[in-house]
Amino acid sequence: MSDTNARIAEIVNGNDVVLFMKGTPLFPQCGFSSRAIAILDHLGVEYASVDVLQDMEIRQGIKAFSDWPTIPQLYVKGEFVGGSDIMMEMYEAGELQQLMADSQVKTAS
């Protein structure tokens with residue numbers, strides 16, 4: 001496993017919910033990342049975020065890690081969920097809320 005893959009695996013497995021995104025939750029740098037943050041904030045769950053714009057190795061490595069070509073990418077309990085479109089579809093269907101409940105994700109304080 002490469003150093004980048006090991007770093008990504010550590011981040012994914014070290015957080016119940018993690019969003020690899022462009023920018024930060026306070027200053028998302030693309031519309032898709034902004035939408036993903038809005039969904040997570042609306043769910044009221046604790047999550048970590050990784051700004052891929054600050055680390056080119058992570059930016060390229062996360063695409064290979066998940067075999068998914070776009071960013072943002074959401075992981076819950078170590079499992080890849082999808083990007084902002086999938087998050088929106090799941091949220092609208094109630095599936096994302098159910099996933100968070102089933103995964104016993106902590107609510108944000």
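In strand E3, Val76 is the bridge partner of Val17, and Leu74 is the bridge partner of Leu19. The model is a predicted one, in which local features need pLDDT of at least 70 and side-chain atom pairs count only at pLDDT 80 or more, while totals for chains, interfaces and linings use all residues. Residues are numbered from 1 along each chain as its sequence is written, and side-chain values use heavy atoms, with hydrogens and water left out. Helices (H or I, at least four residues) and strands (E, at least two) are DSSP runs, numbered from the N terminus.

**The sheet**

- Four strands form an open sheet in the order E2-E1-E3-E4 with mixed pairing, where two strands pair if DSSP finds at least two bridges between them.
- The edge strands of this sheet are E2 and E4, each of which pairs on one side only.
- On average, and with direction ignored, neighbouring strands of the sheet are turned by 25° against each other; axes here are lines fitted to C-alpha atoms, for helices over the stretch in contact, and angles run from 0 to 180 degrees between N-to-C directions.
- E1 and E3 run antiparallel and are joined by four bridges.
- Helix H3 packs on the sheet and touches E1, E2, E3 and E4, its direction making about 60° with that of E3; contact means heavy atoms within 4.5 Å.
- Helix H4 also packs on the sheet, where it touches E1, E3 and E4, and its direction makes about 85° with that of E4.
- E1 and strand E2 (residues 48-51) run parallel and are joined by four bridges, with Phe20 standing opposite Val50 in E2.
- The chain crosses from E1 through H2 to E2 in a β-α-β crossover that is right-handed, a term that applies if, with the strands pointing away from the viewer, the path from the first strand over the helix to the second runs clockwise.

**Burial of strand E1**

- Five of the five residues of E1 are buried, so this strand is largely enclosed by the rest of the structure; buried means under 20% relative accessible area, exposed over 50%, and partly exposed in between (1.4 Å probe, protein chains only).
- Both faces of E1 are covered, with Val17, Leu19 and Met21 buried on one side and Val18 and Phe20 buried on the other.

**Nonpolar cores**

- The largest nonpolar core has 17 residues, and those with the most contacts inside it are Leu19, Leu40, Leu74, Met87, Leu96 and Met100; such a core is a set of buried Ala, Val, Leu, Ile, Met, Phe, Trp, Tyr and Cys residues joined through side-chain atoms within 4.5 Å.
- At least two residues of this core come from each of strand E1 (17-21), helix H2 (31-43), strand E3 (73-76), helix H4 (84-93) and helix H5 (95-102), and H2 gives the most, with five residues.
- A second, separate core consists of ten residues, among them Val18, Phe20, Ile71 and Tyr75.

- Leu40 is found in helix H2 and counts as buried at 0% relative accessibility.
- Leaving aside residues up to four places away in sequence, Leu40 touches Val17, Leu19, Val45, Tyr47, Leu74, Met87 and Met100.
- Leu40 and Met87 are 47 residues apart in sequence, and their C-alpha atoms are 9.1 Å apart in space.
- Ser33 is likewise placed in helix H2, is buried at 0% relative accessibility, and touches Met21, Lys22, Pro28 and Pro72 when residues up to four places away in sequence are not counted.

**Aromatic pairs**

- The structure holds four aromatic pairs; rings of Phe, Tyr and Trp (its six-membered ring) pair if their centres lie within 6.5 Å, and planes under 30 degrees apart count as stacked, over 60 as edge-to-face and the rest as tilted.
- The ring centres of Trp68 and Phe80 are 5.4 Å apart and their planes stand at 55°, so this pair is tilted.
- Because Trp68 lies in the loop between helix H3 (56-66) and E3 while Phe80 lies in strand E4 (residues 79-82), the pair ties together parts that are twelve residues apart in sequence.
- Trp68 is partly exposed, with a relative accessible area of 28%, and Phe80 counts as partly exposed at 27% relative accessibility.
- Ring pairs link Phe20, Phe65, Trp68, Tyr75 and Phe80 into a cluster.

**The segment after H5**

- Ser109 is placed in the segment after H5 and counts as exposed at 98% relative accessibility.
- Ser109 and Glu46 are 63 residues apart in sequence and 7.7 Å apart in space, C-alpha to C-alpha.
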